[in-house]
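This report looks at how two parts of one protein meet. The sequence and model come first, then the contacts.

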Amino acid sequence: MKILGIETSCDETAISIVEAEGVLENLDFKILGSAINSQVKLHAEYGGVVPNLAKREHLKNLPLVLRQAFKEANFSLDTDYPKIDTIAVTVGPGLEPALWTGIAFAEELGKKWNIPVIGTNHMEGHITSVLFKADENLKSEILNPKIKFPAIALLISGGHTELVFMKSWAEKEKIGETLDDAVGEAFDKVARMLGLPYPGGPEISRLAEEARIQNLESKIKFPRPMIHSKDFNFSFSGLKTAVLYYLRSLTSPPSPLPLSRGGGEERTQFSPGGEVITPEIKLTVAREFEDSVIEVLLSKTKRAINEYLPKTLIIGGGVIANKALRENFLKLKENYPEMEVLIPEKSLTSDNATMIAAAGYIEYLRGDSKRKLKADGNLNIS
Ligand code: KG4
Ligand code: ZN
């Protein structure tokens with residue numbers, strides 16, 4: 001069947017048409033057409049996503065992105081819409097004003113085309129993102145990896161950090177989560193402290209890599225929060241604060257003119273408090289912060305693997321775009337040769353509608369969905 005996925009939970013307006021076949025034990029997907037409009041540049045000005053601005057942009061962009069997705073699939077929006085069997089739309093978690101725009105749009109299309117609309121969980125979408133092997137154009141002859149259960153999913157995004165135990169597609173249990181900031185949020189906040197643009201994850205990642213190439217190490221070590229706690233929870237707010245205190249400790253006389261203004265990150269930056277953040281400090285802080293995050297995520301995931309003995313480890317969410325993290329998680333296979341490690345194609349790490357269409361198909365196969373077509377900012381995995 002052909003599923004139209006719609007995603008508007010944050011700052012990407014995305015629509016995909018996915019051909020979905022098979023049963024839960026043997027899923028087959030093919031991306032027919034996919035389009036995304038990212039609002040990142042717009043929100044960067046505010047240092048983060050502004051919900052009402054996101055809503056306005058989604059409203060404006062949804063019809064355009066729909067047309068684009070049809071075009072990508074070589075379908076005509078005017079004559080080929082009967083080919084679509086079902087719509088899957090993200091109902092949560094996410095920003096409610098943004099979620100509502102996608103839901104209303106999906107309901108309107110469902111009525112017009114006389115087809116059902118399935119409410120989909122965004123985080124379950126990130127799990128299904130590993131089911132695609134896409135080429136650069138987001139189209140592919142897909143090698144659909146089959147998930148061997150039980151599985152553990154580590155979900156790391158701008159709003160979430162959680163470990164999920166999956167006995168099957170239908171039986172999922174959250175076994176751990178962040179007690180404060182999500183890991184992507186910590187990347188974004190630390191980037192901001194360093195005067196880097198939003199979203200900070202890719203920026204920190206770039207600087208950390210540069211520091212490794214130059215063999216630059218931080219003079220101080222940041223904490224590895226909760227690394228020894230006997231549970232599967234995380235905490236990143238203390239790490240963020242440790243970075244802040246370190247940067248504050250680098251005091252020097254305040255400069256009347258912040259040299260960084262309009263000058264890019266190569267110049268020395270003076271914060272209003274008078275601290276000096278040299279380019280070298282930016283590099284070493286980025287590296288030490290990223291090292292801390294990687295160690296904590298690896299350690300907690302290993303703890304979960306040792307306890308739950310999964311046959312598959314799935315990692316999803318925007319933060320798994322991070323190169324060092326990808327490399328470290330793929331290396332985990334050396335310690336657990338029997339376990340499959342699945343991470344999404346880079347193009348499917350951030351929010352997209354392909355994963356929503358796939359999650360919608362799984363929801364359809366489960367047939368037990370009681371999920372309402374109602375935005376739920378805090379929707380739990382189920
Ligand atoms: O999954 P996602 O696209 O949106 C949410 O559902 O939140 O994740 C976005 C998050 C942002 O915090 C962004 O900074 C982070 O993913 N991110 C990264 C990288 N690329 C994106 N974090 C670390 N390293 C990256 N390369
Ligand atoms: Zn996401």
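## Polar links across the interface

Five residue pairs are in polar contact across the interface of domain 1 and domain 2, both residues at pLDDT 80 or more. A polar contact is a pair of N or O atoms within 3.5 Å; within protein, one must be able to donate a hydrogen and the other to accept it, and residues adjacent in sequence count only if both atoms are side-chain atoms.

The model is predicted: local features need pLDDT of at least 70, side-chain atom pairs count only at pLDDT 80 or more, and totals for chains, interfaces and linings use all residues. Residues are numbered from 1 along each chain as its sequence is written, and side-chain values use heavy atoms, without hydrogens and water.

The rule also finds one salt bridge across this interface. A salt bridge is a side-chain nitrogen of Lys or Arg within 4 Å of a carboxyl oxygen of Asp or Glu. The side chains of K172 and E124 form a salt bridge, 3.6 Å from N to O.

## The two domains

Domain 1 covers 1-132 + 345-382, and domain 2 covers 147-343. These bounds come from an automatic or database domain assignment. The C-alpha centres of the two domains are 27 Å apart.

## Contact and buried area

In domain 1, 26 residues contact 25 residues of domain 2. Contact means heavy atoms within 4.5 Å.

About 2,100 Å² is buried between the domains, and carbon and sulfur atoms give 70% of that. Buried area is the accessible area (1.4 Å probe) that two parts lose on being put together, summed over both. M123, I127 and V130 supply 28% of what domain 1 buries against domain 2, more than any other three residues.

Technical notes
Chains lettered and ligands numbered in written order.
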